[in-house]
Amino acid sequence: MSTREVILTGDTPTGQLHIGHYVGSVRRRLELQDTHDCYFLLANMHAYTTRSDYPDEIHYDTLEIVRDYLAMGIDPKKSAITLQSETPAIAELTFLFAMLLPFNRVMRNPTLKDEIKIKGLGDNYCFGFPLYAVGQTADILAFRAHSVPVGEDQIPHIELTREVARRFNKLYCGIDENVEDDDPIMEENGVFPIPRADVGKVGKLIGTDGINKMSKSLNNTILITDTPKKVKKKLGQLYTGRQSMTDPGDPESSLMQYVDTFITDTDRAAELKDKYVRGDNIGDGHIKVEIAAAISELLEPMQERRAQYDGDDDTVIDIIRDGTERANVKTEETLAMAKEASGLGFFTRKISF
Ligand code: ATP
Ligand code: MG
């Protein structure tokens with residue numbers, strides 16, 4: 001059995017991946033895939049929370065996300081790319097964990113509330129929409145993950161996950177509530193380690209609207225597949241509110257976040273920032289052109305790698321099947337442990353592929 005720490009994170013196939021995913025989560029995954037047991041989940045069931053009337057698009061986006069993973073450098077031999085809908089232990093744990101969480105606690109989750117507002121769901125969301133927050137606790141705990149590389153919007157979900165893990169370990173494994181989260185007893189005597197959120201330097205990349213988080217559902221993204229021309233055009237639309245090149249600029253603006261994130265020459269980044277903040281004859285347009293060039297330079301090798309999988313669904317599906325098989329070994333083991341601890345264990349079962 002592997003003694004390496006387990007990493008679980010994933011993406012919902014509500015569209016293609018964007019540079020916010022890269023800097024917020026995928027870049028960190030690349031650093032971890034040599035030294036950790038990594039599972040990257042395609043959360044296709046969760047895509048149905050807002051798009052159940054578009055099953056073909058969800059199916060298509062699921063394959064596209066895998067192409068984006070491969071483009072960004074995720075290596076399917078090292079990391080298991082896993083399909084949520086074919087990992088049944090996740091659904092079963094979701095049901096069980098839903099019993100351990102007060103309804104009002106789930107509904108208080110600020111990320112859920114934000115999503116309802118930003119995506120304009122009003123009162124018209126399905127029962128499964130808030131349930132996905134419970135589902136996400138099961139996504140993570142099914143793998144007995146130690147760490148979850150995510151953007152900052154996911155912190156409330158990880159906090160909920162930590163609560164479920166603590167409650168389960170206390171209720172069904174007799175772990176005293178005063179035991180610290182990182183005490184080895186938690187994992188030795190309990191079923192679940194208490195997972196940490198691993199938020200990188202760029203926890204929230206602002207979208208090309210200059211206001212909201214870059215988000216698949218908000219039409220404010222720069223996609224991994226965008227051509228240099230498209231990148232330049234989209235960045236051109238980035239709202240800054242600055243009137244002239246001699247206006248002192250805001251160092252915290254979205255434009256400066258892009259400079260910090262994508263201009264890899266740190267001297268040049270510092271120079272641009274200094275001129276911008278002082279209003280030293282530097283226009284937003286000029287800065288945007290430099291950022292666009294840096295982003296396209298980052299994307300070029302990704303797009304070359306991605307092109308190898310264009311139109312080849314069979315290879316992509318083989319990669320998912322292999323990753324999902326590995327995920328089922330891990331998650332079935334967790335499920336059996338959880339059932340045994342919680343009174344649901346009667347006999348063992350086997351899932352075959
Ligand atoms: P949706 O609009 O459907 O919610 P999304 O663009 O927010 O899509 P998710 O699938 O919800 O993408 O997020 C996948 C992962 O990428 C999460 O860890 C999330 O925190 C991270 N992420 C998404 N957008 C950004 C961003 N703009 N900056 C940093 N991290 C991000
Ligand atoms: Mg999201």
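Select Ile-7 and Cys-38: in strand S2, Cys-38 is the bridge partner of Ile-7. The model is predicted; local features need pLDDT of at least 70, side-chain atom pairs count only at pLDDT 80 or more, and totals for chains, interfaces and linings use all residues. Residues are numbered from 1 along each chain as its sequence is written.

Now show strand S1 (residues 6–11) beside S2: the two run parallel and are joined by six bridges. Strands here are DSSP runs of E with at least two residues, helices runs of H or I with at least four, numbered from the N terminus; two strands pair if DSSP finds at least two bridges between them.

Next, select S2 (residues 37–42), where six of six residues are buried (under 20% relative accessible area, 1.4 Å probe, protein chains only). Asp-37, Tyr-39 and Leu-41 are on one side, Cys-38, Phe-40 and Leu-42 on the other. From Leu-41, go to Thr-82, which stands opposite in strand S3. S3 (residues 80–83) pairs with S2 in the parallel sense over four bridges.

Finally, select Thr-111, Glu-115, Asp-153, Gln-154 and Lys-213, the lining residues nearest the centre of the largest pocket, among 49 in its lining. Elements that each supply at least two lining residues include S1, H1 and helix H6 (110–118).

Notes:
Chains lettered and ligands numbered in written order. Heavy atoms only, no water. Buried < 20%, exposed > 50% of the residue type's maximum accessible area, 1.4 Å probe, protein only. 1 Å grid on protein atoms, 1.4 Å probe; cavity = no way out; pocket = protein on both sides within 12 Å on 5 of 7 lines; lining within 4 Å.
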